[in-house]
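Here is a short briefing on a structure with its sequence. Please keep both in view while reading the points that follow.

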Amino acid sequence: MMHDKKSLSEFQIALRNFKKNRRALLSVYVLFILYGAAVFADFLSPYSFKNEDRSYSYCPPTRVHFMKEGKISWPFIYGIQLTFDEYHKRVYKINEAQKYPLRFFMKGDEYKFLGIIPGSVHLFGVDSSGRFYLLGADSRGRDLFSRILYGARISLSIGLIGVLISFTIGLIVGGVAGYYGGVMDNVLMRLCEMFMMIPGFYLLLALRSAVSDKFNSLQVYFAITIILSFIGWASLARIIRGMCLSLREREYVLAAKAIGLSDFKIIVRHILPHTLSYSIFALMLSIPGYILGESALSLIGLGIQDPYASWGNLLSDAMSIVRITFAPWILWPAFFIFLTVMCFNVIGDALRDCLDPLLKVEGKT
Amino acid sequence: MAAQNLLTLKNLTIAIRNNVSEERILVDGLNLEVPPLKIVALVGGSGSGKTTTGLSILRLLPSALSVRQGEIIFNGQNLLECSQVQMRSIRGKEISMVFQEPLNAFNPVFTIGYQITEVLKTHTNFSPQEIPVRIQRLLKMCGIEDSSRIAQSYPHSLSGGLRQRAMIAQVIAAGPKLIIADEPTSNLDVTWQAHIMELFRTLKNELKISMLLITHDLGMVAHLADHVAVLCDGKIVESGETKNVLEHPKHPFTMELMEAMAL
């Protein structure tokens, strides 16, 4: 019975189990890199998201060369020129006469890091007379790689903020309905059902068209976040309510009442923490829904507007099969959406395995 | 009889509401007095309404049960007429409750120290620096030597006896006048039972706390209680000073209980 170590909390035990799951750990690293890239998008991208050059429309990805005349040299790229073949199709020709060495920590487009600190240093790029497209260019000759980085800011943060809002609403509504029961429970649950009754995507469209179309990009961003979380809270609230109905009968809730705590404190401190094992992985598994929801809205033009980038509106370029065959690299944003959604799902699954005590027992036998 | 009782239950009647059939009376016209600085035992078998009576004093009855008649007078104030806000300032501060199984009564996700802090923050004005010192004192007072380690432990990592002591430390944290102890020792082994009884006696003498002891253990009653009331099917069948009742039981149910003890 006597031990010198501090006893482990339930979450410390869960964390220890989580670390044993390699796939989940890998997903955590991938997400860490993606979110890091989104935060440092200004610095990591060679161009600003607005920097366009229409003479490079749908320019293919630039090849970086490491060898010059059979010798290893500083990495460089060749200049590219747009020409037309005999059928008047666009062909980009490499001009070996022009050579642009790759430069690191070079001065380029001005930016304000995270909207505060002004700067102009970019991790890599080429002299301004040449264009460097790591993942190709879009219709206006903007660098897709830079735009994906800037788009990540919107696409990745919308999931987190949306989930935060809808979970706050869901936990409070579910907690209150489950704790008080009776009339309160009835009213709140019927309200939830009303939200769940309407098919999500159409509710999304209706709500988006109900708010003004004269919003600027920041307002649109917040409008989308709020609309998405407005749809997401109901199903969580129902499950939390069910858990609270049984949790409120526990003796420690009675004990908490007996020491004179207020109802609010009992719900927040003594009941809701016990639903965390469920709600944490439910939270992880619902983030992809928000990312996809934003993508879907932006894809059909109701979300983030050009020139601002999100993974969804980058993909709206790829809605025509002709463009995809001509410039397949415009599908890159889809790959990043896929990667992110995949990572959140793997982490969510792993969290469920290590937080749910019932599954744990099954796993051992 | 004392001039002013700390707690008086007058004609307390509690019934269960049932949608299907007519209501059933669980506690029927119960009268009980807890004089200041005395330990009063409420004895009875399972289902006799002991715990229900205890909970009704704090107005914590489950929603299906309700008080039909009677008065609960604490310090000259009828608790049944108090608002919920008034009740909250009485629970834990004036009257607090020790539960039968401290493992269930402690929230498993918080440390013991945190849960005692909660009581102190709700009912006292200790500054954040004073609270840890106060917790150490409370735990030491309840006979826990290794108090800093225990304060950082989670309930599941302690033994039953230690948990019950920690529970008592939590219960006396805000300096209540009355403790309702609902079968505080029935899940402990004999040596711990003796320790807890000793602790209750010390608390009564040092902190001037009165007690309503709810139990079926007549041995404990004989050791600890000044007065005893025997409850059978929701009615008090016999009451008086412990010595008188135990040495000259009048009601058949009391005799039955004592015989069961002797086995």
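In what order do the four strands of the open sheet in chain B stand? The order is 2-1-4-5, and the pairing is antiparallel. This is a predicted model: local features need pLDDT of at least 70, side-chain atom pairs count only at pLDDT 80 or more, and totals for chains, interfaces and linings use all residues. Residues are numbered from 1 along each chain as its sequence is written, while chains are lettered from A and ligands numbered from 1 in the order in which they are written.

**Sheet of chain B**

- Helices (H or I, at least four residues) and strands (E, at least two) are DSSP runs, numbered from the N terminus.
- Two strands pair if DSSP finds at least two bridges between them.
- Strand 1 (residues 7-16) of chain B runs antiparallel to strand 4 (residues 65-74) of chain B, and eight bridges join them.
- B:T8 faces B:I73 of strand 4 of chain B.
- Strand 1 of chain B also runs antiparallel to strand 2 (residues 24-34) of chain B, through seven bridges.
- B:L9 has B:L32 in strand 2 of chain B as its bridge partner.
- Strand 2 and strand 5 (77-78) of chain B are at the edges with a single partner strand each, so one side of each lacks a neighbour in the sheet.

**Sheet of chain A**

- Three strands make an open sheet in the order 1-2-3 (chain A), with antiparallel pairing.
- Its edge strands are strand 1 (65-68) and strand 3 (90-101) of chain A, each pairing on one side only.
- From one strand to the next, the twist averages 55°; axes are lines fitted to C-alpha atoms, for helices over the stretch in contact, and angles run from 0 to 180 degrees between N-to-C directions.
- Three bridges link strand 1 of chain A to strand 2 (residues 71-84) of chain A, and the two run antiparallel.
- A:K68 has A:K71 in strand 2 of chain A as its bridge partner.

- Helix 1 (residues 50-57) of chain B has seven of its eight residues buried, so it is largely enclosed by the rest of the structure.
- A residue is buried if 20 or more other C-beta atoms lie within 10 Å of its own, exposed if 12 or fewer, and partly exposed in between, with C-beta atoms placed from the backbone.
- Among the buried residues of helix 1 of chain B are B:K50, B:G54 and B:I57.
- B:R59 follows helix 1 of chain B and has a positive phi, near 55°.

**Contact between the chains**

- Chain A brings 19 residues to the contact and chain B brings 24 residues; two residues are in contact if their C-beta atoms, placed from the backbone, lie within 7 Å.
- Helix 8 (residues 251-258) of chain A gives the most to the side of chain A that touches chain B, with six residues.

**Confidence**

- Chain A has a mean pLDDT of 85, with 94% of its residues at 70 or more; pLDDT is the predictor's confidence in each residue, from 0 to 100.
- Over residues 361-365 of chain A, pLDDT stays under 50, and the model has zero contacts beyond four places in sequence for them.
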